Amino acid sequence: MDLLNNDNLKKAKKSSNFTILSNDSTDGHGGYGAGTINLDHVTPLFIDIDEEEAFVDMGALHARSLVEKRVKFISNQEEVPTEGLKRYWLVWVTIGMKEKKPYYSGVAGCYMTVNKQAKRGYKSMPEHVNNMDKSMKGKIFVDQMDYASRQVLKQFLQNHNEAFWTHSEKELHEALDLN
């Protein structure tokens, strides 16, 4: 962008007041950049419901994961063609520190569907934003997930880092232990 061109300068000034950063640029001073969200400790984890497998795709932080690319998302599930449909849980996992040890502090799942052939999918953006927020605030929100997907999530979290799992709150263990 040519900042010496007045037209470009006006466009730059109209940019959003909301910024997502990966590091805290304010160092706690509360000045410029204080309205930011730090996503350093949040990981988007996809669970393929039908294949019963989990995988991380960091592109989901900005709705640019491989699952989401080249798909127009609509808010009505019934409008997404069912032939070739894939169902997913996008689970926001936040890592926190307790007693100087990392643990899974927040876990919240969001339902979505994708039909790559039709280039259509369903997801509720307010749900995704609110559940990411819940995860970042250390909440466990997985009650809406089916049993098999919770087991996939539990297995993934345990296999990813047994120490994180062991040090996690009892609430997470109970939410994923549905025997």
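These legends go with an overview and a few close-ups of one predicted chain.

In this predicted model, local features need pLDDT of at least 70 and side-chain atom pairs count only at pLDDT 80 or more, while totals for chains, interfaces and linings use all residues. Residues are numbered from 1 along each chain as its sequence is written, and side-chain values use heavy atoms, with hydrogens and water left out.

**Overview: five helices and nine strands**. Helices (H or I, at least four residues) and strands (E, at least two) are DSSP runs, numbered from the N terminus. Of the 179 residues, 37% are buried, meaning under 20% relative accessible area; exposed is over 50% and partly exposed lies in between (1.4 Å probe, protein chains only).

**Close-up 1: K98 meets E169 in a salt bridge**. That term means a side-chain nitrogen of Lys or Arg within 4 Å of a carboxyl oxygen of Asp or Glu; here the N to O distance is 3.2 Å. K98 sits in strand β6 (residues 86–98) and E169 in the loop between α4 (162–167) and α5 (170–176), 71 residues apart. K98 is partly exposed at 22% relative accessible area, and E169 is partly exposed too, at 36%.

**Close-up 2: K154 pairs with D177**. This salt bridge spans 2.2 Å, N to O, and ties helix α3 (residues 147–160) to the segment after α5. K154 is buried at 14%, whereas D177 is partly exposed at 35%.

**Close-up 3: E174 and K170, a pair within helix α5**. They lie four residues apart, about one turn of the helix, and their salt bridge is 3.7 Å, N to O. E174 is partly exposed at 45%; K170 is exposed at 58%.
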